[in-house]
Amino acid sequence: MFRVAVVNAKGGAGKTTVATNLASYYCSQQLKTAIVDYDSQGSSTFWVSRRPEKSHPIQIIPAYKQPKHVTANWFIRPERDTQRVIVDTPSGMDVIQFRNILMECDALLIPVLPSAIDIHAVARFIAELLLQGKFKREDGRIAVVANRARKNTLVYQRLEIFLNSLGIPFIATLRDTQQYIKANEEGKGIFDMPASAVAKDLASWQPLLTWLQQRSGEADG
């Protein structure tokens, strides 16, 4: 079972967008997939509830509303034979509190928006992961993704310079496009949409998917 956590303590970075679209990709590959939703807003949970009946099923585990009389290990346990688990983490996440959950994951994806505020926030968050969470760069499990970005802008160029300076893989740039909104309204990801309509978006995901495939190969091996 390969686990991916989508993390960033700052809200609005697009964690749920990355988590749900990644789930739609794994489903498109006929992999049994679950999302563990720790965000109190329940956005991933709502998205799964809107998925068309004909779409590949995704198990949703609303970890944010775990009953008090049920143990966490039992409540967040994916169904048998689940092959991919995606952890959608909350804004304001306490790294120490979530450390054990994150340590169980084979990959941590950090989406960041191209803005000065987001750059500052993600720098602090990554420092917390490394210092408080005791994660190590050399483990290779952490990667950064530029989200809702336009490459021909000055702010993106500043983001790119910053991300390349971190010593952590900067693996992909996801486009600023309405296709994610259109798909989300229907309980879909871009991998559920006609390929001809989202060709550029699918291409922008390829480096991220390649990195995850390499990580899953290492985890399985």
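The legends below describe close-up views of a predicted model.

Residues are numbered from 1 along each chain as its sequence is written, and side-chain values use heavy atoms, with hydrogens and water left out. Because the model is predicted, local features need pLDDT of at least 70 and side-chain atom pairs count only at pLDDT 80 or more, whereas totals for chains, interfaces and linings use all residues.

**View 1. Helix H4 and the elements that cover its buried residues.**
Helices (H or I, at least four residues) and strands (E, at least two) are DSSP runs, numbered from the N terminus. Within helix H4, which spans residues 95-103, the buried residues include Val95, Phe98 and Leu102; here buried means under 20% relative accessible area, exposed over 50% and partly exposed in between, with a 1.4 Å probe and protein chains only. The buried residues of H4 fall within an arc of 75 degrees when seen down the helix axis, so they line one face of the helix; the arc is that of the directions from the helix axis to the C-beta atoms. An α-helix has 3.6 residues a turn, so residues three or four places apart point the same way. Ile96, Gln97 and Asn100 are exposed on the other side of H4. Strand S1 (2-6), strand S5 (107-112) and helix H5 (116-131) are among what covers the buried residues of H4, where contact means heavy atoms within 4.5 Å. The N-terminal end of H4 is capped by Asp94, a side-chain oxygen of which lies 2.9 Å from the backbone nitrogen of Ile96.

**View 2. Ser44 and Ile35, two buried residues in contact.**
Ser44 sits in helix H2 (residues 43-49) and counts as buried at 0% relative accessibility. Its side chain makes a polar contact of 2.6 Å with the side chain of Asp88; a polar contact is a pair of N or O atoms within 3.5 Å, of which, within protein, one must be able to donate a hydrogen and the other to accept it, and residues adjacent in sequence count only if both atoms are side-chain atoms. Not counting residues up to four places away in sequence, Ser44 touches Thr16, Thr20, Ile35, Asp37, Ile60 and Asp88. Ile35 belongs to strand S2 (residues 33-37) and is likewise buried, at 0% relative accessibility. When its neighbours within four places in sequence are left aside, the residues in contact with Ile35 include Ser44, Trp47, Ile58 and Asp88. Ile35 and Thr17 are 18 residues apart in sequence and 12 Å apart in space, C-alpha to C-alpha.

**View 3. Ser24 and the contacts of Asp192.**
Ser24, found in helix H1, is buried with a relative accessible area of 0%. Leaving aside neighbours within four places in sequence, Ser24 is in contact with Trp47, Ile58, Gly189, Ile190, Phe191 and Asp192. Asp192 lies in the loop between H7 and helix H8 (199-220) and counts as partly exposed, at 22% relative accessibility. With residues up to four places away in sequence not counted, Asp192 touches Ser24 and Arg51, and its side chain is joined to that of Arg51 by a polar contact of 3.1 Å. A polar atom of the Asp192 side chain also lies 2.8 Å from the backbone nitrogen of Gly189.

**View 4. The largest pocket and the largest cavity.**
On a 1 Å grid over the protein atoms alone, a cavity is a set of points where a 1.4 Å probe fits but cannot get out, and a pocket is an open set with protein on both sides within 12 Å along at least five of seven lines; lining residues have an atom within 4 Å of a point. Grid points are joined across faces, edges and corners, and a volume is the space filled by probe spheres set on the points. The largest pocket has a volume of about 520 Å³, and of the 27 residues that line it, the closest to its centre are Gly14, Thr16, Thr17, Arg148 and Asn184. Helix H1 (15-28), H2, strand S6 (142-149) and helix H7 (179-185) each give two or more residues to this lining, to which H1 gives the most, with 5 residues. A search of the whole structure finds 1 cavity of 30 Å³ or more; the largest cavity has a volume of about 60 Å³, and its lining consists of Arg3, Val36, Tyr38, Ile76, Val87, Ile101, Glu104 and Cys105.
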